[in-house]
Amino acid sequence: MLVFFLCFLVLTGCARDKAGTGITVAGSTSVQPFADKWAEVYMEENPGKIVNVQGGGSSAGIQATKSGACNIGTSSRELKPDEKDLTEIVVARDGLAIIVHPLNPIDNMTIDQVKSIFNGKIRNWRELGGKDKLITVVTREEGSGTRGAFQELVMKKDRVAKNAIVQDSNGTVREIVAGDPNAIGYISLGLVNDKVRALKLNGVQATDENIISRKYKLVRPFLFVTKSEPTPACREFINFVQSAEGQKLVSEEGLIPVK
Amino acid sequence: MTRLERNERLIKIALLVIACSAVSILAVITIFIFSEGTPIMFKYGFKSFLLGLDWYPSEQSFGLLPMIIGSLMVTCGSLIVGVPFGLACAIFLTEFSSRRLRHILKPIIELLAGIPSVVYGFIGVVILVPFIRENLGGPGLSVLAASIILGIMILPTIISISIDSLQAVPVSYREGSIALGATKWQTTKMVTLKAARSGIIASIILGMGRAIGETMAVIMIAGNAINIPNSVLAPVRTLTSNIALEMGYASGEHREALFATGVILFVIIMVLNTLANLTSAKRKA
Amino acid sequence: MHINPRLEEAVVKVLLWLFTLITVFVLFFIIFYILKHGLPVVNYQFLTTDPMDMGKSGGIYTTIIGTIVLTLVAILIATPLGIGTAIYLTEYTRENKITKIIRFGSECLAGIPSIIFGLFGFILFVTKLKFGWSIISGSLTLAFMILPTIIRTSEEAIKSVPYNFREVSYSLGSTQWQTVTKVVLPSALPGILTGVILSVGRSIGETAAVIFTAGSALRLPTSLFSSSRTMAVHFYIMAREGISMPNAYGTAAVLIITILIINIVAYRLMHKFIKKYS
C-alpha cells in the first residue's frame, strides 16, 4: 500500500512541474534576506507570478540547482571548479564585516591579526591591547558560503581553531557577538546593526565607497546560478533583479549593486 | 454467506498490510540511513570515524569522536540534573504528599512534556547562557547550559513514569514495612523503591533517549565547537547538532559523513530502546 | 555511623519538598516567562496579518495556516494506518511472532530522534522523490513520526472496551468487521481521539523534522507541493536570527497556549474514557 501511495505521490509530483508557474530560489542564507526582498517586490508588481525563497546554504543551493530541486540557486561564495558547469550571474557584491561587541575598545585590526585570532594563535584580548579576557571566537559551519569566503579571503590555508563556537547563520553569529563582550565573528556587511560594531581592517572602514574602490579587502560576490539556460520564468525574475529597480533595492538593504 | 466470508478475509489481509506499515517504515529508514552512511565509513575505515579527532569535511577528515563524547557528556549531564529532581518529585508526590496535591500536580507536569523543545532552548539562550557567562565565565554556550536545559526537558518523562511505577507497588508492601516499625522514608528506601526499580530505570532510559536525540535546543545553547570540551564551561557539539547544522549545506562525501553520524546516533538509540524494552518487559512479567 | 531514623526522615522530607518545589517552579517559570513577554504582542491583528519583512513586522497568519495544513495532512495519513494497525493487533490476531515484531517496530520507531526523521525525509522526499521542500514532504515525515503514538493509544483504547460488548454483537449474528466498526470502534473512539490529539500537539511543536522537509517559506501555501513555515520553525528562526524579539515571544506564546489547550483537551477526554470503563 505504501508503495502505491508513493507512486501516486511521484506521479502528482511530475504533474506539478508542468502546472506550476512558480519558481524556487534556494541556497545561501546570506543571500536569502535580499532574495526575499526581491521576491516580495517582484510578486507585488507581477500578480500571478510566484517566487519561493528558501535557505539551506550555498552548497545546498548549488546542489539543488544541479539536481533540479530548485530553479535558481544562490551562493555567497565563488563557484568551485567542479561546479562551473552551472551558469552564474553576479547579482550583488557584499562586504564581509569582522564584528565585535560595541563595548570592545579595539576598533582596528590587520587581516593577519584576524587570522591569528581565528586560528587560535591569539587567545586573549590583552595581546591586542584590549582587556585581559579570553576571546570568544564565533565562526560559521562547514559548507556555508560566508565561511567559504572568509576561509578564502582571510584564513587562506589555515584552519579555524577547533574550540571556536559554530553557528549556522549570519543572524545567530550577530546575536552571540551582541550578547558577549568578548566575542568576535564575521557576517555579511549588509546585516551589521547597532547591536554590534564592524572593525576597521588595516585602517579601512567597511563602507560602500571603500568596497567599490577596492580599499576594503573582504568582498565577495552574491551569485544566482542556473542549470544551463534559465527558463523564461526564471529569466524574467533575473532580469528584474538586474534592473535598476532591483539593484536599488539591494543598495537600500546595505549591499553593493553590480551595475 | 460465502461473500461475507470472502469480505472478512479481504479485510483481514488489508489490516495485516496496514499493520506492517510501522515496521516497514522503520525498515525503510534503517536501510536508508545505513545504505547512505556506511559506504563512506568503509572507505575511510570505522576507526577514523569513531576515533578521529578532526572534523574537516572539506578536507576529507571525518573524525566523529568529539561529537560522540559531546553527546555522551551532555546526556550524562542532563541525567545528573534531571534524575535527582525528577525522582525526588516522584517520590514526594507518591509517598509524602496528599492524594489531592498529586492529582493536581501530576497532570500539570505531564502537560509540560508537550512544550516544544525550541522553547526550552530559547529560555536557555535568554536566561541561562548570559547567567553562566557573567557568573561562571567562558562563552556561556556550554556543556553546562545544555545539560541543565536538557535535564529540565526530561523531567516530565522521568516524573510521570516513575510516579506510575511507584503507584503500582501494592500498598500491602508498605503496610508490612510500617508494621515492622520502619519509618516512612525507610519503607520508601528499602521496600517501595526496590519494588519499583525496573519502572524507574525505564523512565531514566526514556529520558536519556530524549536527551541524546534532542537537536534544536542543543544547537541553540551548546555552542557547537568541534572540540572535546576540557571543562563544563566549554562549548560542545553533539551528534544531532552535527547533522542539523550541516545537513542543508552538505553535498557528496560531506553529506555521506553526516549520514554516518546518523548511523552512529541510530545505533546508540537502538541499544537504548532495546534496553528500555527489556526492562519494561521484565516489569510486566 | 548510625543516623537517627526520625532525624533522617525529617531531613529527607524537607529535601524532597525542596526538590519538588524547585522542579515545579522551574517548569512553571518557563511558561510564565514566555507568556509574560509574549502575550502583550498577541492580539487579533497579530494572528490575522501576514509576516512582513521576514517577520520583523506584521503578524504570523501564514505560519498559523502552515501549521494547521501540515498537521492536518500528517494526521490524515497517520490515523488510518495507526487505527488499522491497532485493530489488527487487538481484534484479528492472537499474540504471536508477527504481533511481537509489529509492536517492537512501533516502539523502536517511537524512540528514533526527530532529526533522523528529518534527515530521512530530506533525502527521500525532498531530493530523491523531488517533492522539494513542501507540505507533502513535511507531512509524510511527521506522519511517520507520530504513527507509533496513534498505534499505542488506539490499541489501549480498543483493548479497554469490555469483552461482553463484542459477545453481544456476535450473538446478534454480526461478522467480525461489523462488530469492529459498529461496536468496538465507537466505544473506543474517545481513547483513539486522545492519541490523535496528542499527536497533533507533537506535530505542532516539532522543529527538527519539519524545517528540513517543509522548508521555511513565509508565503501562504497554494498546494501540497508548496513549502510552508510552521509556528515552531518561525519561532526558531526569529529567535535565533534576532529578527524581532517581541514577535518571537508572541509566536512562542501562541504556540505554547495552542499546545497546552490541545493537551488539556486530550487529557480530559482520556479521563472521561477511563472513568467510563473502570
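**Aromatic contacts, a loop serine and a central strand**

Six phenylalanines, Phe32(B), Phe120(C), Phe125(C), Phe131(C), Phe144(C) and Phe225(C), make up one aromatic cluster. The model is a predicted one, in which local features need pLDDT of at least 70 and side-chain atom pairs count only at pLDDT 80 or more, while totals for chains, interfaces and linings use all residues. Residues are numbered from 1 along each chain as its sequence is written, chains are lettered from A and ligands numbered from 1 in the order in which they are written, and side-chain values use heavy atoms, with hydrogens and water left out.

Across all chains, a search of the whole structure gives 27 aromatic pairs. Here, rings of Phe, Tyr and Trp (its six-membered ring) pair if their centres lie within 6.5 Å, and planes under 30 degrees apart count as stacked, over 60 as edge-to-face and the rest as tilted. One of these pairs is tilted, because the rings of Tyr42(A) and Phe240(A) have planes at 50°, with centres 5.4 Å apart. Tyr42(A) sits in helix H2 (residues 32-45) of chain A and Phe240(A) in helix H8 (residues 232-242) of chain A, so this pair ties together parts 198 residues apart in sequence. Helices (H or I, at least four residues) and strands (E, at least two) are DSSP runs, numbered from the N terminus. Tyr42(A) and Phe240(A) are both buried, where buried means under 20% relative accessible area, exposed over 50% and partly exposed in between (1.4 Å probe, protein chains only).

Phe32(B) and Phe120(C) are buried.

Ser223(C) is found in the loop between helix H9 (208-211) and helix H10 (231-241) of chain C, and its 37% relative accessibility makes it partly exposed.

In chain A, 10 of the 14 residues of strand S4 (residues 87-100) are buried, so this strand is largely enclosed by the rest of the structure. S4(A) pairs in the antiparallel sense with strand S11 (residues 219-226) of chain A over 8 bridges; two strands pair if DSSP finds at least two bridges between them. Gly95(A) has Val219(A) in S11(A) as its bridge partner. Antiparallel pairing also links S4(A) to strand S8 (residues 183-188) of chain A over 5 bridges, and Ile98(A) stands opposite Tyr186(A) in S8(A).
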